Amino acid sequence: NRLFERGDHTTASIAYQRFLEAYATDGEAPTVRLMLGLVSARYLNDPITAKRLINEALPSLKDDQHAALARQLLAELG
């Protein structure tokens, strides 16, 4: 998340991908999928990947703000 906060979206994307490869079933995986979807949608111009990741994350997101962000991103992506 620090990479994302610093604006290094490409490296953040790689870090999120590696986390998901190593810990696909971790309790934080839905949030990481959401963050990777956010980066893909808004910074890496990859709406197809973004939609897939966000749709995968949404049913398992426990935080209401995260779920709202997921729905907002999906609306933006059309």
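Predicted model: local features only at pLDDT ≥ 70, side-chain atom pairs only at ≥ 80, totals over all residues.
**Entry: where α3 meets α4**

I began at the place where Pro30, Arg33, Leu34, Leu36, Gly37, Ser40 and Ala41 in α3 meet Pro47, Thr49, Ala50, Leu53, Ile54, Glu56 and Ala57 in α4. For contact I take heavy atoms within 4.5 Å. Helices here are DSSP runs (H or I, at least four residues), as strands are (E, at least two), numbered from the N terminus. By class, I found 9 nonpolar, 3 polar and 2 charged residues in this contact of α3 with α4. (Ala, Val, Leu, Ile, Met, Phe, Trp, Tyr, Cys and Pro count as nonpolar, Asp, Glu, Lys and Arg as charged, and the others, Gly among them, as polar.)

Residues are numbered from 1 along each chain as its sequence is written, and side-chain values use heavy atoms, with hydrogens and water left out.

**Entry: how α3 and α4 are set**

Two packed helices are described by the angle between their axes and the distance between the axes. For α3 and α4 I read an angle of about 160° and axes 8 Å apart. (Axes are lines fitted to C-alpha atoms, for helices over the stretch in contact, and angles run from 0 to 180 degrees between N-to-C directions.) That angle makes α3 roughly antiparallel to α4. (Under 35 degrees counts as roughly parallel, over 145 as roughly antiparallel, 65 to 115 as roughly perpendicular and the rest as oblique.) I also noted that α3 passes α4 in a left-handed crossing. (Left-handed means that the near helix is turned anticlockwise from the far one by less than a right angle; right-handed means clockwise.)

Is Asn45 buried or exposed? At 70% relative accessibility, Asn45 counts as exposed. (Buried means under 20% relative accessible area, exposed over 50%, partly exposed in between, with a 1.4 Å probe and protein chains only.) Its phi is near 55°, a positive value in a residue other than glycine.

Ser40 belongs to helix α3, and at 4% relative accessibility I put Ser40 down as buried. Setting aside residues up to four places away in sequence, I see Ser40 touching Asn45, Asp46, Pro47, Thr49, Ala50 and Leu53.

**Entry: the buried side of α4**

Which residues of α4 are buried? In this helix (residues 47-57) I listed Ala50, Leu53, Ile54 and Ala57. They cover an arc of only 95° around the axis, which puts them on the same side of α4. (The arc is that of the directions from the helix axis to the C-beta atoms.) What covers these buried residues includes α3 (29-42) and α5 (64-77).

**Entry: α3 beside α5**

That took me to α5. The axes of α3 and α5 come within 11 Å and cross at roughly 30°, and these two helices are therefore roughly parallel to each other. Here too I have a note of handedness: α3 passes α5 in a left-handed crossing. Thr31, Leu34, Leu38, Ala41 and Arg42 in α3 meet His66, Leu69, Ala70, Gln72, Leu73, Glu76 and Leu77 in α5. By class, I count 7 nonpolar, 3 polar and 2 charged residues there.

Leu73 is in helix α5 and counts as buried at 0% relative accessibility. Beyond its neighbours within four places in sequence, Leu73 is in contact with Leu34, Leu38, Arg42 and Ile54. Leu73 and Leu34 are 39 residues apart along the chain, and I find their C-alpha atoms separated by 9.4 Å.

Leu77 also has its place in helix α5. Leaving aside neighbours within four places in sequence, I see Leu77 in contact with Ala41, Pro47, Ala50, Lys51 and Ile54.

Ala68 is found in helix α5, and at 37% relative accessibility I marked Ala68 as partly exposed. How far apart in space are Ala68 and Thr10? They are 24 Å apart, C-alpha to C-alpha, and 58 residues apart in sequence.

**Entry: Ser13 in α2**

Last, I looked up Ser13, in helix α2 (residues 9-22). Ser13 is buried, with a relative accessible area of 5%. Not counting residues up to four places away in sequence, Ser13 touches Leu36, Val39 and Leu44.
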